[in-house]
Amino acid sequence: ALSVFVAPYTADHAVQAGAATLPVLARLTDLGLVESTPAASAGHATQFGLHPLVRAYAAERLAAQPVAQRAAQERHAQAVRRRLAPWQNWRAVDQRLALASLVALLPAVLAAWSWALAQGRGDFVAEVAPMLLNHYEKLGRWAEGMALFEAAEPVFDEQAASDRAALAALWRGRALLLYRDGRFEAAAARRPSARAAPPTRGPGESHKANQKTLARWNRMLGPQDSAQAEATEARDLALSEGDRAGVAVFAGNLALLHKKRGHYADALASWQEALAVHREVGNWSSACVTMNNLGDLLRVMGRPEEAVLVLAESLRLCDAYGFASTRPFALVNLAKAHMLAGRADTAETLALQTVAEVRRSGERMLEAGTLLVLADMALRKGNVPLAAERLAPALRLAHALNEPANLLEALCGYARWQLARGLPADAARAVATVLAHPKLHAELREEIQTSALATLPGSPAADVLALVEEACAQLAAKAQHLQSPANTFNTPV
């Protein structure tokens, strides 16, 4: 029965799974059939495991006894479920320990997950999927998580009441990972299913999760009023349940809308209050996200040194807790704050580091945004060809993502590039197109109004997509003149 363990286990784990008693485990260890690894430090238990050849032989013997095999696999899955149980409420647990435990336990969890799918055990999937989502989301492993959830969906029947909770967890998880991967339209396609699905973690928690996902989508692509209504509904529900951690999370979502509309004082107050709650309850994942947003807001408000302090703390916490997918946001915001403070070399080093990290575990829209920052740095130094090399993939990626904020920022970068080339008429046409777009946010409007772009002559707006195609072609042609491996940003889309 020990062959069902695909990762090292403790004596307690083996006993809880009914795979062996302590005397049997000790005897197998004495005989050399079970290998033991002493505890790495105080507070940790000795780890056991079968040699791969012994495990293969034992698994073969177990497979010859189907009844015993099914029983062993089920006991193992239930043991995994018990080990995961302490980490269910992400906002209220020790997130550093939870994430480390999920990483160490992942092989066993995936083995139990495979068993659950083979047996059609929707109860296991409904309970475990949200915890797997935390693992894949916080580490930036979007593709793995999406593939896992998508492969599981056909196992369950939407018409069967016993399967609906599992499907709800899979739909919600996949929608969130699609969003984080920059696949906004695909994420939106999951909205009706996720919204209509039954609760998986209690009616309140599931509804709040739904509203948060909907608010995210609408903030990016949909009506801002809808985004505000959904985030407000989630916040009010959390308030009615006495869920202070939830109230802080959803207040942060509303702060993003305040910032987008130019209501900086309201956004500042909301994020400061939310951060105080996150610190108090130990929700460090949300604290880091809030610090990243707060730091960027302080930069926009002309307070770069305060921004640097806040963002530096976020980076330290990301490193301490292992929040790989949140770290690139802190890095690029820190780069922009240093740039505003006049530390151009530090800013460029941080931005280049962001590009490297975001391609490993960050969001694709952040890659486009960071390349725009680097293009602007090149223009400030008078290096127009390098700016073109950095701007070209940023514009292509923003176009591929079809996210308005990124696309408009990229067109502004293109306008600055044209102005640097001495082509004010082309720059003016790009600026007019940006200013006429209904999704223009307050920060970008103010940036245009306080820069050299504001001095350009009036011009009619162009068709956005036609202008993007034209800009991509021009930038690609100019970028070919610069062949520098250290500064090449060929971005597949």
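Helices here are DSSP runs of H or I, at least four residues long, and they are numbered from the N terminus. With that numbering I placed G342 in the loop between α17 (327–340) and α18 (344–361). The model I am reading is predicted.

**Entry: G342**

I looked up the exposure of G342 before anything else. Its relative accessible area is 60%. The cut-off for exposed is over 50%, so G342 counts as exposed. I then checked the distance to P304. The two C-alpha atoms are 9.7 Å apart, while the residues are separated by 38 positions along the chain.

**Entry: the whole chain**

I took the overall figures next. The chain has 493 residues, and 52% of them are buried. I counted 24 helices and 2 strands. For contacts I looked at residue pairs at least 6 apart in sequence. Of these contacts, 65% join residues at least 24 apart.

**Entry: helix α5**

How far does helix α5 span between its end C-alpha atoms? I found 31 Å for residues 95–119. A straight helix of 25 residues would span 36 Å at 1.5 Å a residue. I went looking for a bend. There is a kink of about 60 degrees at L105, shortly before the proline P107.

I also checked both ends of α5. At its start, a side-chain oxygen of D94 comes to within 3.2 Å of the backbone nitrogen of R96. Just after the helix, G120 has a positive phi of about 65 degrees.

**Entry: helix α15**

Helix α15 covers residues 284–300. Its 17 residues reach 24 Å from first C-alpha to last, close to the 24 Å expected at 1.5 Å a residue. Is α15 mostly covered or mostly open? I found it mostly covered, with 14 of its 17 residues buried. Just after α15, G302 takes a positive phi of about 80 degrees.

**Entry: salt bridges**

Opposite charges on side chains can pair when the charged atoms come close. I searched the whole structure and got 31 salt bridges. I noted several of them.

K336 and D296 form one, with N to O at 3.7 Å. K336 sits in helix α17 and D296 in helix α15, so this pair ties together parts 40 residues apart in sequence. I compared the cover on each partner. K336 is partly exposed at 24% relative accessibility. D296 is buried at 9%.

E306 and R303 form another, and their closest N and O atoms are 2.8 Å apart. E306 is partly exposed at 37% relative accessibility. R303 is also partly exposed, at 29%.

Which residue forms a salt bridge with D376? I found R416, with the closest N and O atoms 3.6 Å apart. D376 lies in helix α19 (residues 364–380) and R416 in helix α21 (residues 404–420), so the pair links parts that are 40 residues apart in sequence. R416 is partly exposed, with a relative accessible area of 21%.

I also looked for bridges that join into a network. One such network links E74, R81, R121, D123 and E127.

**Entry: E153**

I turned to a charged residue in a loop. E153 lies between α7 (142–152) and α8 (164–180). Is E153 buried or exposed? Its relative accessibility is 13%. Buried means under 20%, so E153 counts as buried. I then searched for a polar partner. The side chains of E153 and R174 make a polar contact of 3.2 Å.

**Entry: N402**

N402 has a phi near 55 degrees, which is a positive value in a residue other than glycine. I located N402 in the loop between α20 (384–401) and α21. N402 is partly exposed at 40% relative accessibility.

Key:
Residues numbered from 1 in each chain as written. Predicted model: local features only at pLDDT ≥ 70, side-chain atom pairs only at ≥ 80, totals over all residues. Heavy atoms only, no water. Expected span 1.5 Å × (residues − 1). Bend = angle between axes of the 7 residues up to and from the residue. Polar contact = N/O pair within 3.5 Å; in protein donor to acceptor, adjacent residues only side chain to side chain. Buried < 20%, exposed > 50% of the residue type's maximum accessible area, 1.4 Å probe, protein only. Contact = heavy atoms within 4.5 Å. Salt bridge = Lys/Arg side-chain N within 4 Å of Asp/Glu carboxyl O.
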